Amino acid sequence: MQITDTAAIVTGGASGLGAATARALAGRGAKVFAVDLPGAIEKAPIVDGVTYTAADVTDADQVQTAVEQAAGAGNPLRIVVNCAGIGPSARIAGRKGVHDLELFRKVLEINLLGTFNVMRLAAAAIGETEADQHGQRGVVVNTASVAAYDGQIGQAAYAASKGGVASLTLPAARDLSSSGIRVMTIAPGIVDTPMLATVSEEFRQGLADGVPFPKRLGTPEDYAQLALDIVEHDYLNGEVIRMDGALRMAP
Ligand code: NAD
């Protein structure tokens, strides 16, 4: 699918993977609406072709407003990249106490329900656009994680939420096929973003050394490139693609 002259929504677009994807799509001529929380937007870089829109992905009204803004700005809304997410760490039970149920709910709410909320409302708007010459109207790229298959200590809530995002991919692709919308999911390994800000340099190096090849952490640009490849590759649909340098972490 062509990127130039489309409108695109990128959630979590003020930071990390979302910011890199917003920049890359704008660089290819899309009108990008980067959806994020107000506090994150305040710190976001100014990028030509990227409009920041404050919305919480879990809030139906706020997302609907953001979708209407993107769909009504002149270019057909065809691209949605869901990057908004959180990754707190907490053990289920142990010396530090028992996993907070509210925290588990919050992780599912943002990572899984937020992704679904944006996908359903954006898909309804994309379904109203004119199809291209191949009958295609748009593509949704969601973000899971290798934690969906290989969750580590402290990642119960995060892994469950990302497993949900991965499992959504195929039924969503099938549901939305009648609207000419593809759905794909990227499951990144370890990417160097603000989510990794709290780990020491030594730990970061250890993580990089553990990647079979290339021997480095992923970058937001690696993710952005894959997201753009997926948008442009019409036959990719209903699949989860790991982007992890063949990393398989032992628990
Ligand atoms: P990040 O923290 O840099 O960016 C996430 C963005 O999501 C932030 O700007 C944040 O404000 C926004 N966000 C959080 N809650 C939101 C909400 N309710 N509504 C709207 N926006 C919200 O993190 P990142 O590393 O760029 O992660 C992006 C996605 O990639 C996440 O879903 C994350 O789980 C996933 N991921 C990251 C890695 C990694 O190693 N960085 C690995 C696998 C998967």
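**Before starting.** This is a predicted model, in which local features need pLDDT of at least 70 and side-chain atom pairs count only at pLDDT 80 or more, while totals for chains, interfaces and linings use all residues. Residues are numbered from 1 along each chain as its sequence is written.

**The whole chain.** The chain has eight helices and nine strands; helices (H or I, at least four residues) and strands (E, at least two) are DSSP runs, numbered from the N terminus. The radius of gyration is 18 Å, close to the 18 Å that the globule rule gives for 251 residues, so the chain is as compact as a globular protein of that length. That radius is taken over C-alpha atoms, and the globule rule is 2.2 Å times the number of residues to the power 0.38. Along the principal axes, the C-alpha atoms fill a box of roughly 55 × 40 × 35 Å.

Of the 251 residues, 44% count as buried. A residue is buried if 20 or more other C-beta atoms lie within 10 Å of its own, exposed if 12 or fewer, and partly exposed in between, with C-beta atoms placed from the backbone. Two residues are in contact if their C-beta atoms, placed in that way, lie within 7 Å. Among contacts between residues at least 6 apart in sequence, 72% join residues at least 24 apart.

**The ligand.** Which of the 28 residues come nearest? They are G12, S15, G16, G85 and T193. The elements that give two or more residues to this shell are α1 (16-27) and α4 (101-126). The largest share, three residues, comes from α1. Colour the shell by type to find 14 nonpolar, twelve polar and two charged residues. Here Ala, Val, Leu, Ile, Met, Phe, Trp, Tyr, Cys and Pro count as nonpolar, Asp, Glu, Lys and Arg as charged, and the others, Gly among them, as polar.

**Helix α4.** Select residues 101-126. The 26 residues of α4 should span 38 Å at 1.5 Å a residue, and the end C-alpha atoms are 36 Å apart, which agrees. The expected span is 1.5 Å times one less than the number of residues. Look at L113, where α4 bends by about 35 degrees; the bend is the angle between axes fitted to the seven residues ending there and the seven starting there.

**Helix α8.** Move to residues 220-232. The buried residues of α8 include Y223, L228 and V231. What do the buried residues of α8 pack against? Their partners are α1, β4 (77-82), β7 (138-143), β8 (181-188) and β9 (240-243).

**Backbone exceptions.** Most residues other than glycine have a negative phi, and most peptide bonds are trans. Select P214, in the loop between α7 (201-209) and α8. The peptide bond from F213 to P214 is cis, with omega near -5 degrees. Then pick D5, in the segment before β1 (7-11); its phi is near 65 degrees, a positive value. D5 is exposed, with 12 other C-beta atoms within 10 Å. Finish at A246, in the segment after β9, where phi is positive at about 70 degrees. A246 counts as exposed, with 10 C-beta neighbours inside 10 Å.

Notes
Near = placed C-beta within 6 Å.
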